[in-house]
Structures are given as C-alpha cells and as structure tokens.
Amino acid sequence: LMVMHCETHGEKSGLMKSELDLLIGAMEFHETVIGDIMTPLREVFMLQDSEVIDNGLMEKLWRKGHSRVPVYEKGQRERIIGILFTKDLILSSATKGKTARQVVDANSHPVFTVSCNVKLPAMLKNFQQGKAHLVIVQKEEDSTMMDQQQLEQLPGGGGSGAVTPSNANNTSFREVENPSSTTASLANPLHSIGVVTLEDVI
C-alpha cells in the first residue's frame with residue numbers, strides 16, 4: 001500500500017522514494033527473526049575440541065581474524081561445547097600444545113544461546129547490554145528458551161533486561177556458564193543451527 005501510495009500520490013503527499021525505503025526497512029527489521037539472518041553452522045569457522053594449539057593453528061586463526069571461535073565435539077558440529085577467545089591464546093604461551101577443549105575449559109567463558117524465532121529488535125536490545133558478541137542459535141521447537149510471544153508477555157518483555165543468571169528468563173538469549181562440563185551444557189546442543197553477531201543484526 002505504501003508503495004502504491006508513493007507511486008501514485010508521492011508528489012502530493014511529499015513521501016519520497018528514499019523515505020519509503022526507510023519505512024519498509026524499519027517494518028522488515030521488526031518482522032525479521034534470527035533464523036533469517038544467522039550464519040548457518042556449515043558456513044561458520046569452528047574448531048574441533050581435539051585440535052591442538054600450535055603455530056600453524058595460531059597463524060590460521062590470525063588469518064581468519066575472528067576474536068571468538070566456537071569449539072565443537074569431535075564429529076558433531078552441532079554440539080558446541082564452548083567459545084575459544086583468541087586473546088586467551090595471545091596472552092598465554094602456556095596454551096601451546098593444549099587442545100581447544102583444554103583452553104576453553106581453562107578460561108570458561110560463558111556461552112549464550114538464542115531461539116531462531118526471536119525477532120531482531122529484541123536481539124538488538126540484548127546485544128546492546130554488552131554481555132555477548134557471538135550467540136549460538138538453536139531450533140525453537142526443541143529449545144528450552146522462550147519465543148517472542150512469551151518474551152513480550154513478561155514484565156519488561158522484548159528482551160530489555162540484562163543477560164545474567166538471575167533474570168535470564170526475561171531476555172532473548174540465555175547464558176550457559178560452562179557448556180563443556182558434564183553438569184552444564186547447551187540446551188539441546190545437537191540442535192544448534194547457526195551463530196549470530198551484532199553485525200548480523202544491524
């Protein structure tokens with residue numbers, strides 16, 4: 001309707017094509033879900049948990065230019081056991097000779113997961129909290145996380161809360177303290193389907 005209005009009455013109403021494009025873009029942003037803009041796992045640069053940190057791998061990571069790299073269990077890319085921060089390798093020479101899993105376990109950075117059905121505005125609010133830069137995307141039907149409708153029904157819904165263990169249920173994504181341990185793992189890890197970053201959202 002807006003396109004028809006612009007084409008037919010644009011000059012009279014003062015609605016220019018550039019303004020129409022902005023309006024359509026804003027509408028699409030509010031209706032787009034994470035699953036539409038995520039990077040599928042098959043396209044994500046990842047490390048197998050048994051890979052040994054050596055000079056060759058360090059050079060590979062440097063060339064890729066990623067600050068955070070998902071680490072997965074051998075033969076199961078969908079089962080992400082943690083995120084390797086490249087700064088941990090740079091700051092400590094003791095990481096050489098260790099496996100990717102050992103480095104992840106030693107530094108224990110939290111992993112964040114999100115439903116593929118969460119909409120971009122809610123996700124953007126979470127990223128703005130500065131708690132995470134890379135989030136694992138999981139299938140909604142097999143996930144313990146809430147969908148967009150449930151988020152909006154909560155006080156302060158829409159993902160406006162900070163991502164912390166105490167109010168994780170009031171956000172678009174949840175924090176997993178140590179997913180590589182036997183007592184805390186990603187929700188339905190075999191159904192992780194991709195990753196999303198702030199750059200993907202904006």
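**Cores and pockets of the predicted model**

About 330 Å³ of space lies in the largest pocket of this predicted model, in which local features need pLDDT of at least 70, side-chain atom pairs count only at pLDDT 80 or more, and totals for chains, interfaces and linings use all residues. Residues are numbered from 1 along each chain as its sequence is written, and side-chain values use heavy atoms, without hydrogens or water.

**Pockets**
- A pocket is an open set of points on a 1 Å grid over the protein atoms alone, where a 1.4 Å probe fits, with protein on both sides within 12 Å along at least five of seven lines; lining residues have an atom within 4 Å of a point.
- Of the 18 residues that line the largest pocket, H66, R68, H133, L134 and T197 lie nearest its centre.
- Two or more lining residues come from each of β3 (68-73), β8 (192-197) and α9 (198-201).
- The second largest pocket has a volume of about 160 Å³, and its lining includes R68, H133 and L134.

**Nonpolar cores**
- A nonpolar core joins buried (under 20% relative accessible area, 1.4 Å probe, protein chains only) Ala, Val, Leu, Ile, Met, Phe, Trp, Tyr and Cys residues through side-chain atoms within 4.5 Å.
- The largest such core has 16 residues, and I34, V114 and M123 are among those with the most contacts inside it.
- The largest share of this core, 5 residues, is supplied by α7.
- Beyond its neighbours within four places in sequence, I34 is in contact with residues including V114, M123, V137 and V196, where contact means heavy atoms within 4.5 Å.
- L47, A100, V103 and V104 belong to a second, separate core of 13 residues.

Technical notes
Buried < 20%, exposed > 50% of the residue type's maximum accessible area, 1.4 Å probe, protein only. Helix = DSSP H or I, 4+ residues; strand = E, 2+ residues; numbered from the N terminus. Points joined across faces, edges and corners; volume = space filled by probe spheres on them.
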